[in-house]
Amino acid sequence: MANTVEVLPDKAKLIERCLDLVVAKIEGAIASEGRCSLVLSGGSTPKALYEALALQNLPWDKLHIFWGDERYVPADHPDSNQRMARQAWLDRVDIPAENIHPIPTTSDETADAQKYEREIQEFFGIAPGEFPSFDIILLGMGDDAHTASLFPHTEALQVKDKLITVGSKDGEPRITFTIPLINRAKSVIFLVAGQNKQAALAQVFAPEADPITYPSRSIEPVGELWWLLDEAAKPV
Ligand code: 6PG
């Protein structure tokens, strides 16, 4: 499907553009399916987007929130992606608690990855082995071209028969969507800002480069792929 790359002059304009696109896609999904399944990215870039979403007036009861990855820390830990999104957005709007589907980090990473996979299967009413299509998956990209918790030269990149797997960042455990699950999405939106992402982005956009070294190259959704960048992140 269509790949779109948009470059905005600065971070504020980038967040504004991403907000418009995400709101339009949420409203579109609800209009056509009666609900929207939205997958959040972690890290620092999307915080301003989540704060802007908290000011919107959307049918929150029809929005279902998942996370594309999570650090294996308690939900109240400063590094928790769930904690960031709740503080920036979800605690500020009237979204039913049962619509929020955080990645569990309470036993061990393998068991919790399997538990999250079951939660997704139940939400979509699918059998093991089937891959659902999330309406919108938000992704960030690290300066090493990782996305979600799919880090260069890690085993998680090879997992093709699961929805959720265990990732690793320098030995620190993560739980992450797999590449095939991300690639089933109706829309994937990368939100990338900052000069420190420029070199990695050049490799991701290059005609040839190794996807094991630059994992974001493997994100080729059946649906739409959007790259929203600020000028600083744009490859020269
Ligand atoms: C995470 C994210 C990760 C993030 C990139 C970019 O858990 O850290 O899901 O994939 O999107 O590392 O992070 P920044 O936005 O902080 O640069």
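I started with the largest pocket, which has 22 lining residues, with Gly42, Gly43, Met141, Gly142 and His146 nearest its centre. For my own reference: on a 1 Å grid over the protein atoms alone, a pocket is an open set of points where a 1.4 Å probe fits, with protein on both sides within 12 Å along at least five of seven lines, and lining residues have an atom within 4 Å of a point.

Before going on, I noted that this is a predicted model, where local features need pLDDT of at least 70, side-chain atom pairs count only at pLDDT 80 or more, and totals for chains, interfaces and linings use all residues. Residues are numbered from 1 along each chain as its sequence is written, and side-chain values use heavy atoms, with hydrogens and water left out.

I looked up the volume of the largest pocket and got about 420 Å³ (the space filled by probe spheres set on the grid points, joined across faces, edges and corners). Its lining splits into five nonpolar, 10 polar and seven charged residues; Gly counts as polar here.

What takes up the largest pocket? The ligand does (more than half of its atoms lie within 2 Å of the grid points).

Next I checked the ligand's neighbours. I found 15 residues around the ligand, with Ser44, Thr45, Asp69, Ala148 and Lys197 coming nearest (a heavy atom within 4 Å counts as near).

Then I went through polar contacts (N or O pairs within 3.5 Å). Ligand oxygen atoms lie 2.7 Å from a polar side-chain atom of Lys197, 2.8 Å from one of His146 and 2.7 Å from one of Arg71.

How values were computed
Polar contact = N/O pair within 3.5 Å; in protein donor to acceptor, adjacent residues only side chain to side chain.
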